[in-house]
Amino acid sequence: MKMLLRLSREAIRYRGLYVVAIMSTLMLTVINLAAPKVLSAMTGIVSGGVDSEGMNRILRLTAILVGLYLGRILFRFLSNYLAHKAAWYLVGDLRTRTYDKLERMHIGYFHDKQTGDLMSRIVNDTRDFELLYAHMIPETITNVVTFLGVLIVLLTINWKLALITCAPIPLIFLSGIIFSKQVRPFFKASQKKMGELNGKLQDNLSGLQEIQSFGREGYETEKVNERNFEHIRAMLKALKISAIFHPSVEFISSIGTILVVAFGGYLAWKDNFSVEDVVAFLLYLGLFYAPITGLANLLENMQQSLAGAERVMAVLDAPCEIKDKEGAIELKDVKGGISFEHVSFSYEKGGEILDDISFKCEPGQMLALVGPTGVGKTTMTKLISRFYEPTKGHIFIDDHDLSDVTIESLRQNISPVLQDTFLFNGTIAENIGYAVPEAKKEDIIEAAKAANIHKDIMLMPDGYDTLVGERGLRLSGGHK
């Protein structure tokens, strides 16, 4: 319930669409409740013998029935389409928010995460919200209102028979509670395995050249197959429980029908139960158990949606350890002086990478950090950009403590040239001008000339509009 309430708060921005969809759903339910009443009235007229007055009444009731069925088309459209529209807009919002949150997380958050799994949370797990908001909420309202409406009608027809009809309901609700507790862990495991499969696929497709170079195609196919069937086995465990639950609900409902038919026959024999009432009761009986069976089906979708919601909310609720503190200032007129004062750092508790580092680099001075692999040279550059925070000590730029300035203004004044060249799947011009969105074509050309690559670019098929491919795969290592 806590998760459902939170998800309801997420959806409130689309309350206008939901209100119209829910009102349409209620009107649809009213029509569904009214139609059997009209049919039973027509049956009563026919069973009593049809004269001219009776024929006129049948024609009027036929017109009403046609109007009800036309109304059902309209309200079903409004209910379905508007609920789906609101749900998919919500899915879109949550995808953007989840991505935006990941984009702003500190680099340490990703140390034990797979890119494919995070992509699965953004794309696959958020998609399950559509089940919740476009199907479950409207259909739950429809089923509950239909159930209550039919129950009232049945009580007015024959209260004894109505109570017999309700006998199986406690058993159905009890089985629903047991089902919910049993099935959600398997849906959650299934979605986790799907994330792991996506992670493996993303790794392998990114490293396809290495896989082929070392002749590991068969090995990697086997690993993908293993992850693939781990997901399938987890899903099948959930579906196995569902395959037991749904027939059980149908069986319990059919017991109720048997009781009604048996007791109804007894009442018809003892209490002179009219044909009109028998027809009405049997018509409404189908409407009575349909919502209960429908709610049982929705219960499965709910468990799947909530399992996905937990994975998405785990991202949205993750603490952002590196953020602007209150009152942080904009870093302006940077000269470039950098100083470390007694800086220590470790990725995890214990095992420090840097221990009590102090030095000063004057503006315009070139400083080389020299040492064997793994002693923290690259880590020091990441500390300057605040991708990580020092566990002890302070870092200054022009006498400004990095913790006192905004992250955006700090990084706007740092131009890293990384040892691992990454290019976006766009044009050469887009990649050169990436950090300066307002750069004009001539600015980009000037930068390329300064880097002594303008002539090479002009020899490419489309010059500055040449597509570089994913991670620059269409370029040589030197060009990248």
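H342 is part of strand 1 (residues 338-345); strands are DSSP runs of E with at least two residues, helices are runs of H or I with at least four, and both are numbered from the N terminus. The model is predicted, so local features need pLDDT of at least 70 and side-chain atom pairs pLDDT 80 or more, while totals for chains, interfaces and linings use all residues. Residues are numbered from 1 along each chain as its sequence is written, and side-chain values use heavy atoms, without hydrogens and water.

Although H342 is not a glycine, its phi is positive, at about 50°. H342 has 53% relative accessibility and counts as exposed (exposed is over 50% relative accessible area, buried under 20%, partly exposed in between; 1.4 Å probe, protein chains only). N452, also a residue other than glycine, has a positive phi near 60°. N452 sits in the loop between helix 13 and helix 14 (454-458), and is exposed, with a relative accessible area of 66%.

## Overall form

The chain contains 14 helices and four strands. Along the principal axes, its C-alpha atoms fill a box of roughly 105 × 55 × 50 Å. The radius of gyration is 33 Å, whereas a compact globule of 480 residues would have a value near 23 Å (taken over C-alpha atoms; the globule rule is 2.2 Å times the number of residues to the power 0.38). Of the 480 residues in the chain, 38% are buried.

## Salt bridges

The whole structure holds 11 salt bridges (a side-chain nitrogen of Lys or Arg within 4 Å of a carboxyl oxygen of Asp or Glu). One of them pairs R311 with D125, with the closest N and O atoms 2.5 Å apart. Because R311 belongs to helix 9 (residues 275-316) and D125 to helix 4 (residues 115-157), this pair ties together parts that are 186 residues apart in sequence. Both R311 and D125 are buried.

Another bridge joins the side chains of E196 and K192, at 2.8 Å from N to O. These two residues are both in helix 6 (residues 169-206), four residues apart, which is about one turn of the helix. E196 counts as buried at 18% relative accessibility, while K192 is partly exposed at 44%.

E220 and K200 also meet through their side chains, with an N to O distance of 3.0 Å. E220 lies in helix 8 (residues 217-271) and K200 in helix 6, so this bridge ties together parts 20 residues apart in sequence. E220 is buried at 14% relative accessibility, and K200 is buried with a relative accessible area of 13%. Through shared partners, salt bridges join D117, R121, D125 and R311 into one network.

## Surface patches

L39, Y69 and L283 make a nonpolar surface patch of about 220 Å² (patch residues have over 30% relative accessible area and no salt bridge; nonpolar side chains, Val, Leu, Ile, Met, Phe, Trp and Tyr, are joined within 5 Å and like charges within 9 Å; areas are by Shrake-Rupley with a 1.4 Å probe). L39 is located in helix 2 (residues 15-47) and is partly exposed, at 31% relative accessible area.

A patch of negative charge on the surface gathers E438, E442, D443 and E446 (Asp and Glu count as negative, placed at CG and CD). E438 occupies the loop between helix 12 (428-432) and helix 13 (441-450), and its relative accessible area of 61% makes E438 exposed.
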